[in-house]
Amino acid sequence: LTAYRPGLRAGVGFALATFVLGASFGVVAKPLMGSVAPIVMSAFVFAGAAQFGATVVLAAGGDAATAIAAGTMLNARFLPMGIAAASALRGRALRRALEGQAIVDASWALAVRGERGFDRELLLGATLPQYPAWVLGTAVGVLAGDALANPARLGLDAIFPAFFLTLLAPELTQRRALAAALLGGAIALALTPVLPPGLPVLLASAAALIGLRA
Amino acid sequence: VTSVWVTIGGLVATTVTIKAVGPLALGGRDLPPWAGRVIVLLAPPLLTALVLTDTFARGRHLTVDARAAGLACAAGAVLLRAPPLVTVLVAAGGAAAARAIS
């Protein structure tokens, strides 16, 4: 169990931010979905950006197919993330598929930096506290509603980009990683105005193909 | 109300599938060297794309708002070698301050 401790420790730190984001999802979703559906959604979808994205589509009068498509595109980045994690996930197919469900942005970003390749224990340990925080936060948001402060006013929407920056910075000392990062950032910004949200991040991963040159 | 539950069911199905594809197809096996070189390079562009879209995208629009102030503060903290927790708090403080005065 000690192998999971560093991940758990990091995950507890993120759980607070995850809780607040979950609460803001509950606040946003309740007028549209009622009290039960947002909590069920957080418990079984467990993907913040996709849940927000799909809810925005429904709130704007879009149908279920459009909402599912929007949420799915926001989740598309989990495909390359899963490929990067795959080498560390061993055991039977069902077990690999289940452990793959632990992939969320913050945990993946921590785990991918392992010196011996992708760190499975870091991924699982960091996600474990974030899951109850997300579901519980949603429930609190649904119940407390407008009594909660607007998370944006506290600057909480700047937390995740800042966190990703702290993970990105040490990578940039290597020339090839820097080149991939610049290319990926350019792809994401260039495609944001022309593609639905989510796809620019997915396609930015294509910058890793510069690794094909030996 | 039905469309809400259809959306939830559909999103559960697609999310579980997307997360399972990589581990199912490639899990537990050793990959050829060229694949290893590509996979090692997945993190920098994905992280960069997340940083930039989380900061500058609002739907399909690119905007500069308080989140950019937060990111600038975070970049300063990173350059000063602040620990990650401090960096994140500095970013939240910067964004909140920018919102308070704008």
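**Second pocket**

I looked up the second largest pocket of this predicted model. It is lined by 28 residues, and Thr166(A), Pro84(B), Leu85(B), Thr87(B) and Val88(B) lie nearest its centre. A pocket here is an open set of points on a 1 Å grid over the protein atoms alone, where a 1.4 Å probe fits, with protein on both sides within 12 Å along at least five of seven lines; lining residues have an atom within 4 Å of a point. The space in this pocket is about 670 Å³, counted as that filled by probe spheres set on the points, which are joined across faces, edges and corners. I sorted its lining into 23 nonpolar, three polar and two charged residues. Nonpolar covers Ala, Val, Leu, Ile, Met, Phe, Trp, Tyr, Cys and Pro; charged covers Asp, Glu, Lys and Arg; the others, Gly among them, are polar.

**Largest pocket**

I then turned to the largest pocket, with about 1,600 Å³ of space. Its lining has 45 residues; Gly48(A), Ala49(A), Phe52(A), Leu74(A) and Asp54(B) lie nearest the centre. By class I noted 28 nonpolar, 10 polar and seven charged residues.

**Interface**

I checked where chains A and B touch. 86 residues of chain A are in contact (heavy atoms within 4.5 Å) with 61 residues of chain B. The area buried between the chains is about 6,200 Å², and carbon and sulfur atoms give 78% of that. Buried area is the accessible area (1.4 Å probe) that two parts lose on being put together, summed over both.

**Conventions**

I numbered residues from 1 along each chain as its sequence is written, and chains are lettered from A and ligands numbered from 1 in the order written. Local features need pLDDT of at least 70, side-chain atom pairs count only at pLDDT 80 or more, totals for chains, interfaces and linings use all residues, and side-chain values use heavy atoms, leaving out hydrogens and water.
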